[in-house]
Amino acid sequence: MIRPYRPADLERLKEITAICFESVSIDRNIEQMFGLMGGRDWRFRKLRHIDADVAGENGRGVFVCEDGGEIVGYITTRTDGASRIGHIPNTAVHPAHQGRGIGRRLMEHAIEFLRGQGMEAVRIETLEQNPVGARFYPDVGFQEVARQIHYAMRL
């Protein structure tokens, strides 16, 4: 069952994020190359993204999937009324529940939400090291429009 996010869901979303982004996070890549930053690990930085995704008006575009009363996945959206381009900053399905179509249902739900908000396009980003995203996003209709390289330097 897909439903809107509630503030009580936040810790579970963060738990799923920490598990699912372990091998596909820019922050993790930075940590592997340079070590801890600010005395905190990559999870601290990545989980702050989830805080931003659910804050204020953003929270109305966040959806969770429950199975037997347990949150097993989520998707976050952002709208830009001026550009009419929506964004999906984060989506994840707990590994124990992957391969059952949950990600696809969440994605379809988010796309319909964005369409209903007047968006004319939606964008999503993934890292080259994310083979699931590289297969899944085109499979649900996304087209590659650009590639980006991230650089970092320890100060």
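I take buried to mean under 20% relative accessible area, exposed to mean over 50%, and partly exposed to lie in between, with a 1.4 Å probe and protein chains only.

**Entry 1. Basis**

I am working on a predicted model, in which local features need pLDDT of at least 70, side-chain atom pairs count only at pLDDT 80 or more, and totals for chains, interfaces and linings use all residues. Residues are numbered from 1 along each chain as its sequence is written, and side-chain values use heavy atoms, with hydrogens and water left out.

**Entry 2. H94**

I looked up H94 and found that, at 16% relative accessibility, this residue counts as buried. H94 lies in the loop between β5 and α4; I use helices (H or I, at least four residues) and strands (E, at least two) as DSSP runs, numbered from the N terminus. For contact I require heavy atoms within 4.5 Å. Leaving out residues up to four places away in sequence, H94 touches R12, I16, I19, C20 and V72.

**Entry 3. Whole chain**

I recorded 5 helices and 6 strands in the protein chain. Along the sequence they follow the pattern β-α-α-α-β-β-β-β-α-β-α. I computed the radius of gyration over C-alpha atoms and took the globule rule as 2.2 Å times the number of residues to the power 0.38. The radius of gyration of the protein chain is 16 Å, close to the 15 Å that the rule gives for 155 residues, so the chain is as compact as a globular protein of that length. The C-alpha trace spans about 45 × 35 × 30 Å along its principal axes. Buried residues make up 41% of the 155 residues. Of the contacts with a separation of 6 or more, 65% are between residues 24 or more positions apart.

**Entry 4. The sheet and its helices**

I count two strands as paired if DSSP finds at least two bridges between them. On that basis I found an open sheet of 4 strands in the order β1-β2-β3-β5, with antiparallel pairing. Its edge strands are β1 (2–4) and β5 (91–93), each of which pairs on one side only. For angles, I use axes that are lines fitted to C-alpha atoms, for helices over the stretch in contact, with values from 0 to 180 degrees between N-to-C directions. Neighbouring strands of this sheet are turned by 30° against each other on average, direction ignored.

I then examined the pairing of β1 with β2 (residues 62–67): 3 bridges join these antiparallel strands. P4 has F63 in β2 as its bridge partner. Helix α1 (residues 10–20) packs on the sheet and touches β2, β3 (70–76) and β5; its direction makes about 75° with that of β3. Helix α4 (residues 102–116) lies across β1, β2, β3 and β5, and runs at about 150° to β2.

**Entry 5. Nonpolar cores**

I define a nonpolar core as a set of buried Ala, Val, Leu, Ile, Met, Phe, Trp, Tyr and Cys residues joined through side-chain atoms within 4.5 Å. The largest one has 18 residues, of which I75, I88, I102, L106, M107, I124 and F142 touch the most other members. The elements giving two or more residues to this core are β2, β3 and α4. Its largest share, 7 residues, comes from α4. Beyond its neighbours within four places in sequence, I102 is in contact with C65, V72, V93 and H97. I also noted a second, separate core of 15 residues, which includes Y5, L10, I16 and V24.

**Entry 6. Cysteines**

I searched the whole structure for disulfides (pairs of cysteine sulfur atoms within 2.5 Å) and found 0. The sulfur of C20 is 13 Å from the closest cysteine sulfur, in C65, and is therefore too far for a bond. C65 is buried, with a relative accessible area of 2%.

**Entry 7. Q117 and R84**

I located Q117 in the loop between α4 and β6 (121–124). Q117 is partly exposed, with a relative accessible area of 29%. Not counting residues up to four places away in sequence, Q117 touches R60, T79 and R84. Q117 and G61 are 56 residues apart in sequence and 9.7 Å apart in space, C-alpha to C-alpha.

R84 counts as partly exposed at 34% relative accessibility. Its phi is near 65°, a positive value in a residue other than glycine. Most residues other than glycine have a negative phi.
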